[in-house]
Each structure stands twice: as C-alpha cells, then as structure tokens.
Amino acid sequence: LLSLFFWNCLLYLFARLKWRGVFLAITIGVAIGYIDQIGSFLSLSRTFVFFPYFLIGYLLNGEQLKGLIKAKFSFPIAFVII
C-alpha cells in the first residue's frame with residue numbers, strides 16, 4: 001500500500017512528461033537498483049523499480065493495449081519472456 005501511495009504521488013510528475021517520463025522512470029528504477037543504501041526501508045527500492053509498469057498502465061488506453069496484443073510480434077516476445 002505504501003508503494004501504491006508513492007506511485008500515485010509520482011504519477012502527477014511523470015504523467016506530464018508522457019512517454020519521455022517512462023524512459024526517465026526506467027532509468028531511475030535501474031539506478032535505484034545499484035544504490036545499496038536504498039533497500040527495504042519504506043519499500044523504496046520496490047517502489048521505484050515497479051513504477052514504470054504503473055506509469056505504462058496509466059498511459060496506455062484500451063485501443064493501444066488491444067493493438068499491442070494483436071500485433072505479430074507480441075506472441076514471440078511473450079514466448080521469450082515466459
């Protein structure tokens with residue numbers, strides 16, 4: 001719940017940047033992973049690492065999501081990920 005609260009707070013800042021905010025959030029999430037001082041305290045590492053997924057879910061609308069699922073490349077990528 002604490003991460004969800006911080007995600008909603010961060011959403012106000014990153015939603016203004018649109019898709020550039022996603023790349024910034026990914027960069028911050030990777031950088032936070034390398035900092036040892038930010039651990040499980042207040043679940044900060046988890047908050048920043050998973051925030052790009054929350055932001056992508058916010059930015060995608062239903063039609064864009066359907067288009068991604070029906071695309072030719074979605075099945076091979078899903079197969080590799082699984």
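I take a contact to mean heavy atoms within 4.5 Å. The model I looked at is predicted, so I note its terms: local features need pLDDT of at least 70, side-chain atom pairs count only at pLDDT 80 or more, and totals for chains, interfaces and linings use all residues. Residues are numbered from 1 along each chain as its sequence is written, and side-chain values use heavy atoms, with hydrogens and water left out.

**Whole chain.** I looked up contacts between residues at least 6 apart in sequence, and 67% of them join residues at least 24 apart. I found five helices and zero strands; helices (H or I, at least four residues) and strands (E, at least two) are DSSP runs, numbered from the N terminus. The C-alpha trace spans about 40 × 30 × 25 Å along its principal axes. Of the 82 residues, 23% are buried, where buried is under 20% relative accessible area, exposed over 50% and partly exposed in between (1.4 Å probe, protein chains only).

**Helix α2.** I checked its length: the 15 residues, 19–33, should span 21 Å at 1.5 Å a residue, and the end C-alpha atoms are 22 Å apart, which agrees. The expected span is 1.5 Å times one less than the number of residues. I then listed the buried residues of α2 as G21, V22, A25, G29 and I32. Seen down the axis, they fall within an arc of 105°, so they line one face of α2; the arc is that of the directions from the helix axis to the C-beta atoms. The cover over these buried residues includes α1 (2–14) and α3 (44–59). On the face turned away from the buried side I noted R20, F23 and T27 as exposed.
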